[in-house]
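Biologist: I would like to learn how to read salt bridges and cores in a model. Can we start with the charged pairs?

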Amino acid sequence: MSELERWEARFSAPGYLFGLAPNEFLARQAHRLKPGGTALSIADGEGRNGVWLAERGLDVLSVDFSPTALAKAQALAAERGVTLRTVEADVVNWTWPAEAFDVVAAIFIQFASPDARLRIFAGIRQALKPGGLLLMQGYRPEQLTYRTGGPDKAENLYTRSLLTEAFGDFASVAIDEHDSVIREGSGHAGMSALIDLVARK
């Protein structure tokens, strides 16, 4: 089974795999968002984060490679009364736009191998406008002990040094490492080893 087929199967199940509420870290950043701006939600799945950003008054592009997930995202946007632009694409090989977004949300996008992650991170840097905001949350290697979500490969997980190397030259960078309980549908549930990045290009 290919990676796309695996995710299509997961997203084809009834309901929303990661719930309907936005990621808690992302929701805590609401005060940083300015209505009227543009936002990119990477590997947005069934749209919980992209729709929440649209509810904050942002023009949102939601990118995912699963057509089933994107259909659910559009249904959620319609239910919430907001507009969500969607693109069906593999973000590893996507042609990222240049300096197009005020905000990029990268929430649990750890499906990528180290080589693929380099391409995604380069795309993020390219897509952000000068002064643009990057909001990223992922799992740390310690998550392999909790096993409450995320990949089972240590190489896919984030460390402070990895994120500092990738984005440390931004104008401002704040990284927070913590163990917290998260409840995001059946996909992410329980005590988790997390790392948060808030960075301004």
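Modeller: A salt bridge is a side-chain nitrogen of Lys or Arg within 4 Å of a carboxyl oxygen of Asp or Glu. Side chains of opposite charge can pair when their charged atoms come close. Here the side chains of Arg140 and Glu142 form one, at 3.4 Å from N to O. This is a predicted model, where local features need pLDDT of at least 70, side-chain atom pairs count only at pLDDT 80 or more, and totals for chains, interfaces and linings use all residues. Residues are numbered from 1 along each chain as its sequence is written, and side-chain values use heavy atoms, with hydrogens and water left out.

Biologist: Which other residue forms a salt bridge with Arg140?

Modeller: Asp179 does, with the closest N and O atoms 3.0 Å apart. This pair links distant parts of the chain, 39 residues apart. Arg140 is in the loop between strand 5 and helix 6 (143-146), and Asp179 is in strand 6 (residues 172-184). Helices (H or I, at least four residues) and strands (E, at least two) are DSSP runs, numbered from the N terminus. Arg140, Glu142 and Asp179 are linked in a network of salt bridges.

Biologist: Is Arg140 buried or exposed?

Modeller: Buried means under 20% relative accessible area, exposed over 50%, and partly exposed in between (1.4 Å probe, protein chains only). Arg140 has 10%, so it counts as buried. Glu142 is partly exposed at 41%, and Asp179 is partly exposed at 38%.

Biologist: How many salt bridges does a search of the whole structure find?

Modeller: It finds 10. One of them joins Lys72 and Glu46, 3.1 Å from N to O. Lys72 is in helix 4 (residues 67-80), while Glu46 is in the loop between strand 1 (38-41) and helix 3 (48-55). They lie 26 residues apart. Lys72 is buried at 15% relative accessible area, and Glu46 is buried at 5%.

Biologist: Now the cores. Which residues touch the most other members of the largest nonpolar core?

Modeller: In soluble globular proteins, nonpolar side chains tend to be buried together. A nonpolar core is a set of buried Ala, Val, Leu, Ile, Met, Phe, Trp, Tyr and Cys residues joined through side-chain atoms within 4.5 Å. The largest one has 32 residues, and Leu40, Phe121, Ile124 and Met136 touch the most other members. Helix 5 gives the largest share, 5 residues.

Biologist: What does Phe121 touch?

Modeller: Contact means heavy atoms within 4.5 Å. Leaving out residues up to four places away in sequence, Phe121 touches Met136, Tyr158, Leu162, Leu163, Ala166 and Phe167. A second, separate core has 26 residues, including Leu76, Val82, Ile107 and Leu194.
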